[in-house]
Amino acid sequence: MPLESRPLGRGFAREIVGLRLWESQDEGTIDELRALWAAHPVLVFRRQALSEDELAAFSARFGPLERTVRTDWASPARSEVTLISNLKDAQANPIGGLGDGELQWHSDQSYMMQPATGAMLYALELPPEGGRTYWVDLAAAYAGLPDRLKRAIDGKRGIFSYVKRLAGYQGVDRVISEEAKRQTPPVLHPLAHTHPVTGKKALYLDWTTTIGIEGMDEASGQALLDEIYEAATRPEFVYRHDWQIGDALLWDNGFTMHRREPFDPAARRLLKRTTMFLSCDRHIVPEGILAAAD
Ligand code: SIN
């Protein structure tokens, strides 16, 4: 029986109805999900009850799991699961990353040479207000760009820097190990790609991480990026997710960005995230190169 699904928001996000992700899914179901995912970069599964092993097992059906450079945010029980939380342990140390502050438009792992572009986020504890997450469809955003901007970025690569990303974080999230620094030099990624399944062109962007455009002076590169970000994040390209406990979201960072509202630091929020290396046969997977040293 084909999967039941329904559009959410303006339609690029889709809810998959009735799948119990803690159960093993047959290959036909995974193939259907893959086909839906190509056209709908955000898939929502509600009312889930997943152990870390079950979350990891379902995620891994779409590609090998990544252990991110933020080993300090990893679950002690399962290192491929990252804890996104403002909760603290008995010694008042954060149990995970990203705290309670606002997160601006970004694409996970864009600072890596070969980003793991698949991601899944599963909600366990939520604040009564705030902390909603928004996704923007960067294929629709590309289609909506004026021809002048399409031409301006044609063949251009953005410079993606984890140092810039870190500066936007709060507190201890800004501090990374020497090993993590070594793994995150500035990299270049093309600013536009073609989706291998749909044939649609899409932007590849990360407002929190791009510091310029290869071959352009700093001011002109920044001015062009500012114009692109403004055009790409218009409300008609955005889906807002109002989290419920038990929601699991699968999204493709290859042609989306997401952002999060801040929330009351005294409230509790705990989500668990996996990231997957997706195949370039089915997904936009930016192949980065090292940025030239200054
Ligand atoms: C993330 O950017 O991966 C986390 C988003 C969220 O906390 O809602």
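1. Asp-242 and Arg-240 form a salt bridge, with 2.9 Å between the closest N and O atoms. This is a predicted model, so please read that distance, like the others below, as computed from predicted coordinates. Asp-242 is partly exposed at 32% relative accessible area, and Arg-240 also counts as partly exposed, at 39%. Elsewhere, salt bridges with shared partners connect Glu-27, Asp-31, Arg-34 and Arg-61 in one network. The structure holds 22 salt bridges.

2. Glu-178 is exposed, with a relative accessible area of 58%, while Lys-181 is partly exposed at 44%.

3. Do have a look at Arg-273 and Asp-108, whose salt bridge has its closest N and O atoms 3.6 Å apart. This pair links distant parts of the chain, 165 residues apart: Arg-273 belongs to strand β17, and Asp-108 to the loop between β6 and β7.

4. Thr-68 brings us back to Arg-273. Thr-68 lies in the loop between α2 (52–59) and β4 (82–85) and is buried, at 9% relative accessible area. Setting aside neighbours within four places in sequence, Thr-68 is in contact with Thr-82, Gln-109, Arg-273 and Thr-275.

5. Two backbone angles deserve a glance. Most residues other than glycine have a negative phi. Gln-109, which is not a glycine, has a positive phi of about 70°; this residue is in the loop between β6 and β7 and counts as buried, at 2% relative accessibility. Arg-47 has a positive phi of about 55°, again without being a glycine. Arg-47 is placed in the loop between β3 and α2 and is exposed, with a relative accessible area of 73%.

6. On to the packing. The largest nonpolar core has 26 residues, and among those with the most contacts inside it are Val-42, Trp-135, Tyr-169 and Leu-249. At least two residues of this core come from each of β3 (42–45), β7 (118–125), α5 and β15 (248–252), with β7 giving the largest share, three residues. Leu-249 shows how these parts meet: leaving aside neighbours within four places in sequence, its contacts include Val-42, Leu-43, Val-44, Ala-119, Trp-135 and Trp-243. A second, separate core has 23 residues, including Leu-3, Leu-33, Leu-50 and Leu-55.

7. Last, the largest pocket, which has a volume of about 380 Å³. Which residues lie nearest its centre? Of the 28 lining residues, they are Leu-98, Leu-103, His-106, Arg-165 and Tyr-169. Tyr-169 was also named above, being one of the residues with the most contacts inside the largest nonpolar core. The pocket lining draws at least two residues from each of β6 (103–106), α5 (162–167), β16 (256–260) and β17 (270–276). By class, the lining has eleven nonpolar, eight polar and nine charged residues.

Key: Residues are numbered from 1 along each chain as its sequence is written. This is a predicted model: local features need pLDDT of at least 70, side-chain atom pairs count only at pLDDT 80 or more; totals for chains, interfaces and linings use all residues. Side-chain values use heavy atoms; hydrogens and water are left out. Helices (H or I, at least four residues) and strands (E, at least two) are DSSP runs, numbered from the N terminus. Buried means under 20% relative accessible area, exposed over 50%, partly exposed in between (1.4 Å probe, protein chains only). Contact means heavy atoms within 4.5 Å. On a 1 Å grid over the protein atoms alone, a cavity is a set of points where a 1.4 Å probe fits but cannot get out, and a pocket is an open set with protein on both sides within 12 Å along at least five of seven lines; lining residues have an atom within 4 Å of a point. Grid points are joined across faces, edges and corners, and a volume is the space filled by probe spheres set on the points. Ala, Val, Leu, Ile, Met, Phe, Trp, Tyr, Cys and Pro count as nonpolar, Asp, Glu, Lys and Arg as charged, and the others, Gly among them, as polar. A nonpolar core is a set of buried Ala, Val, Leu, Ile, Met, Phe, Trp, Tyr and Cys residues joined through side-chain atoms within 4.5 Å. A salt bridge is a side-chain nitrogen of Lys or Arg within 4 Å of a carboxyl oxygen of Asp or Glu.
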